[in-house]
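Take a walk through this complex, one step at a time. Keep the viewer open as you read.

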Amino acid sequence: MRRWRYFGYRLAFALPVVFGILVLNFFLIQLAPGDAASVLAGESGAASPEYTAMLREKFGLDRPLLEQFWAYIGNALQFNLGYSFRNDSPVFELILARLGPTLLLMLTAFGAALTLGTALGVLAAVARNSWRDALISVVTLICYATPVFWLGLMLIVVFSVNLNWLPTSGFENIAEGYEGWERWVDIGRHLIMPGTALGLFYLALYTRVMRASMLEQTGMDYVTTARAKGQTERKIVFGHMLRNAFLPVLTMAGVQAGNLIGGSVVVETVFGWPGLGTLAFNALQSRDLNLLLGIFFISASLVVIINLVVELLTITLDPRIQA
Amino acid sequence: MRAALKRFARNRMAVLGACVIGVVALLTALSPLLYPAGAFTLAGPPLQPPGMRYLLGTDALGRDVAAGVVAGARTSLLIGLSAALSAVLFGSLIGALAGYYRGATDIVLMRLTEFFQTIPAFLLAMLLVVILSPSVLSVIIAISAVSWPGIARLVRGEFVALGGREFVLASIGLGASGPRIIFRHLLPNCVSAIIAVGSLLVASAILLESGLAFLGLGDPNVMSWGLLISAGRVTLRSAWWVCTFPGIAILLTVLSINLIGDGLNEALNPRLRER
């Protein structure tokens with residue numbers, strides 16, 4: 001029960017973060033050159049004067065700054081994030097339509113990186129100072145230094161241009177008109193390269209953390225006890241150490257959730273993946289600041305939610321955590 | 001200090017990293033001699049493959065890729081170092097204030113730090129560059145604005161650990177002011193930890209800069225590795241070399257700085273190794 005109180009405590013911290021993002025957004029609108037109404041209308045000059053006047057009215061831009069602030073917060077909390085002229089659609093609807101592919105890409109990369117990273121970390125720690133450990137640490141060091149967008153381009157050169165194994169870009173092959181199971185296989189084929197490009201950095205990160213965390217556990221008393229009881233090494237590693245060593249990796253995964261979204265912006269741009277990242281890139285090209293702010297708000301809220309899920313997982317795995 | 005240098009020199013990977021960075025810095029210094037015409041001028045026919053005449057080939061506009069890579073090194077090092085330095089200064093200040101004064105100051109500053117750690121850093125950096133309009137300075141501001149939280153938490157932790165030590169209590173007893181204790185007594189004790197983490201920040205700053213430049217958010221008048229790669233994307237199918245070499249440059253530079261950072265960490269904080 002006290003664990004749930006702890007979770008409630010974390011939840012109470014999450015809400016001010018969402019509020020803080022709105023404050024930051026409002027501050028950024030003020031910082032942007034030009035009138036706030038034209039910023040909210042997107043690309044300068046694209047909006048009609050009537051619409052700009054309507055915006056001024058709705059967001060109270062002729063009123064004092066503090067009133068403007070509350071109007072902005074009130075609108076945003078009702079998911080009224082403004083209108084994108086370039087896309088001729090409300091910002092929130094645009095974002096909602098693109099959320100699915102981004103979540104699919106992020107969760108695939110994240111899940112694969114977490115599973116493989118944990119496995120490689122265990123492998124490296126168990127075979128410490130062997131050639132396997134050395135190989136794993138060299139590969140992680142390289143993955144750790146590779147820019148994701150460049151990795152994506154190189155994957156395209158090798159696997160699409162030269163070997164012709166995988167499609168270069170997009171979400172699915174609409175022209176083929178696949179349905180049901182075949183459609184998912186097709187999407188999966190499109191997902192392989194972006195997922196790899198996005199996930200490899202995190203794979204390296206989790207491997208490093210898991211290895212260090214496993215090595216830290218080796219000296220613990222409970223490991224000595226288990227060994228004294230005559231348990232097999234396999235059982236000690238998988239039955240006892242794995243769960244304890246996994247906790248720091250999970251914490252790290254929560255901390256890195258924000259960066260995962262940033263990485264997916266770049267990866268989606270490279271592979272023409274129709275998610276939030278491509279939307280952000282297009283907004284960038286047309287300097288549609290309001291759409292960018294909306295994407296920022298939604299993805300930051302997404303990070304807050306991911307953090308809460310990670311928190312929930314942590315308290316399930318580690319019953320010692322209490323408020 | 002000499003002992004630390006010796007420990008650093010014994011770490012072969014760190015020395016290798018230092019050598020690579022030395023070569024990159026040397027190339028940057030020699031670039032006016034090597035490529036006096038600059039990276040934006042036409043050097044020959046477009047899309048020449050790498051060879052004797054053009055070491056790394058030419059791009060779709062006939063610009064020498066090697067000249068671009070050398071010019072990009074200067075940009076990356078400049079932006080990486082300045083952004084990391086300002087992030088370290090700002091982060092240290094926030095961490096020092098939170099760790100020294102504790103109480104309400106601590107709570108407010110640490111909530112702020114956690115907030116900046118939670119929000120998607122790359123998106124915030126993108127927004128800042130768009131709003132400030134792309135230039136070398138705005139890229140530096142944007143990168144440091146998203147890079148300081150780690151340093152702030154580190155310095156706060158060190159301050160909290162040092163807070164009750166005798167030399168601090170003695171300074172308070174002698175009537176030293178808060179700023180004097182912070183800057184003369186506590187911060188110098190954190191320098192080795194700050195250097196180790198700060199050097200890794202240079203690497204992540206270079207990666208961030210290349211990502212921003214790739215999305216077209218770099219200074220349009222300054223050659224950079226990210227810009228080269230984004231320009232080479234169009235000809236990816238026919239001319240792989242335009243994208244490949246600047247990427248290898250980023251990879252080698254970031255890898256080397258990470259190796260140096262690990263080496264510095266081991267050399268300056270030897271106690272950490274025993275843990």
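Two residues are in contact here if their C-beta atoms, placed from the backbone, lie within 7 Å. With that cut-off in hand, look at B:Met126. Leaving aside neighbours within four places in sequence, B:Met126 is in contact with A:Leu284, B:Leu212 and B:Leu217. One of these partners, A:Leu284, carries the letter of the other chain.

B:Met126 also has a place in the largest nonpolar core, which has 164 residues. The residues with the most contacts inside this core are A:Leu292, A:Ile295, B:Ala125, B:Met126 and B:Leu127. Helix α3 of chain B supplies the largest share of the core, with 17 residues.

A word on confidence before going further. The model is predicted. The predictor gives the complex an ipTM of 0.84 and a pTM of 0.86. Chain B averages a pLDDT of 84, and 92% of its residues score at least 70. Which elements of chain B mark the two ends of the scale? Helix α6 (residues 136–147) of chain B has the highest mean pLDDT, 92. Helix α12 (residues 270–274) of chain B has the lowest, 54. Where pLDDT is low, the predicted coordinates should not be read in detail.

Now step back to chain B as a whole. Its secondary structure comes to 12 helices and 0 strands. The C-alpha atoms of chain B fill a box of roughly 75 × 45 × 30 Å along the principal axes. Of the 275 residues in chain B, 48% are buried. Take the contacts in chain B with a separation of 6 or more: 70% of them join residues 24 or more positions apart.

Return to chain B and follow helix α2 (residues 12–34). This helix bends by about 35° at B:Thr28. A proline, B:Pro32, follows within four residues of the bend. Buried residues in α2 of chain B include B:Ala14, B:Gly17 and B:Val24. The cover over the buried residues of this helix includes α1 (2–10), α3 (65–101) and α11 (240–268) of chain B.

Finally, check the backbone torsions in two loops. Most residues other than glycine have a negative phi. B:Arg102 has a positive phi of about 50° although it is not a glycine. B:Arg102 lies in the loop between α3 and α4 (103–118) of chain B. Is B:Arg102 buried or partly exposed? B:Arg102 is partly exposed, with 14 other C-beta atoms within 10 Å. B:Ser133 is found in the loop between α5 (121–132) and α6 of chain B. With 12 other C-beta atoms within 10 Å, B:Ser133 is exposed.

Methods. Residues numbered from 1 in each chain as written. Chains lettered and ligands numbered in written order. Predicted model: local features only at pLDDT ≥ 70, side-chain atom pairs only at ≥ 80, totals over all residues. pLDDT = per-residue confidence, 0-100. Bend = angle between axes of the 7 residues up to and from the residue. Buried ≥ 20, exposed ≤ 12 C-beta atoms within 10 Å, placed from the backbone. Core = buried A, V, L, I, M, F, W, Y, C linked by C-beta atoms within 7 Å.
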